[in-house]
Amino acid sequence: MRVKVQLGLSENADKFVWRAPNESPYANLIKFIISTFDSISTKSFQIQYKDDEGDLVTASSDSDISDALNFAKQENLKSLKLFVITDDDEQEDNDNDNKENQQIQSQQTQISDNDDDAEDEDEDEDE
């Protein structure tokens, strides 16, 4: 089965084809990733794929890679897409989550402030 390996989750990311060997697929994949992605050689990373529900599943052993390949076969996929997630990617996701939370809190504060202003106007009208 053809396996596409890409750095990060972006749809625009470069994809490279890796052929899974019968023996030691995980070790072979690690070597492939380190030799293919220059920027990753000294960084720690995770290998993930999306399951049938769209959840990211981490693969960290030969049996995990075999499970991923079997999943792709069962789903009749032409190829399996593996995502190489670095610590930088995870930090970026956390930063994006934090920004979204800050935006939501800011919007809630604005709504709360507007409600307070409306109450003040109601009190002024009552007087």
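## Glutamine 6, a buried polar residue

Glutamine 6 counts as buried because its relative accessibility is 1%, where buried means under 20% relative accessible area, exposed over 50% and partly exposed in between (1.4 Å probe, protein chains only). The residue is found in strand β1; helices (H or I, at least four residues) and strands (E, at least two) are DSSP runs, numbered from the N terminus. This is a predicted model, in which local features need pLDDT of at least 70, side-chain atom pairs count only at pLDDT 80 or more, and totals for chains, interfaces and linings use all residues. Residues are numbered from 1 along each chain as its sequence is written, and side-chain values use heavy atoms, with hydrogens and water left out.

So what does the side chain of glutamine 6 reach at 3.0 Å? It reaches the backbone oxygen of glycine 8, and a polar atom of that glutamine 6 side chain also lies 3.0 Å from the backbone oxygen of serine 10. Setting aside residues up to four places away in sequence, glutamine 6 touches Ala13, Asp14, Lys15, Phe37, Lys81, Leu82, Phe83 and Val84 (contact means heavy atoms within 4.5 Å).

## Glutamine 48 over in β3

Another glutamine, at position 48, lies in strand β3. With 10% relative accessibility, glutamine 48 counts as buried. Its side chain makes a polar contact of 3.1 Å with the side chain of glutamine 46, and another with the side chain of threonine 58 (3.1 Å). A polar contact here is a pair of N or O atoms within 3.5 Å; within protein, one must be able to donate a hydrogen and the other to accept it, and residues adjacent in sequence count only if both atoms are side-chain atoms. Not counting residues up to four places away in sequence, glutamine 48 touches Leu56, Val57, Thr58, Lys81, Leu82, Phe83 and Ile85.

## The sheet and its helices

The strands form an open sheet of five, in the order β2-β1-β5-β3-β4, with mixed pairing. β2 (15–19) and β4 (56–59) stand at the edges with a single partner strand each, so one side of each has no neighbour in the sheet. From one strand to the next, the twist averages 35°. β3 and β4 pair in the antiparallel sense over four bridges (two strands pair if DSSP finds at least two bridges between them), and leucine 56 in β4 is the bridge partner of lysine 50.

α1 lies across β1, β2, β3, β4 and β5, running at about 150° to β2. α2 packs on the sheet too, touching β1, β2, β3, β4 and β5, and its direction makes about 25° with that of β3. Axes are lines fitted to C-alpha atoms, for helices over the stretch in contact, and angles run from 0 to 180 degrees between N-to-C directions.

## The nonpolar core

Which members of the largest nonpolar core touch the most other members? Of its 21 residues, they are Val5, Leu29, Ile33, Ile47, Leu80 and Leu82. Such a core is a set of buried Ala, Val, Leu, Ile, Met, Phe, Trp, Tyr and Cys residues joined through side-chain atoms within 4.5 Å. α2 gives the most to this core, with five residues.

## Where to be careful

The chain has a mean pLDDT of 79, with 66% of its residues at 70 or more; pLDDT is the predictor's confidence in each residue, from 0 to 100. Among the elements, β4 has the highest mean pLDDT (96) and helix α3 (residues 87–126) the lowest (55). Over residues 91–99 pLDDT stays under 50, and the model has zero contacts beyond four places in sequence for them. Where pLDDT is low, the predicted coordinates should not be read in detail.
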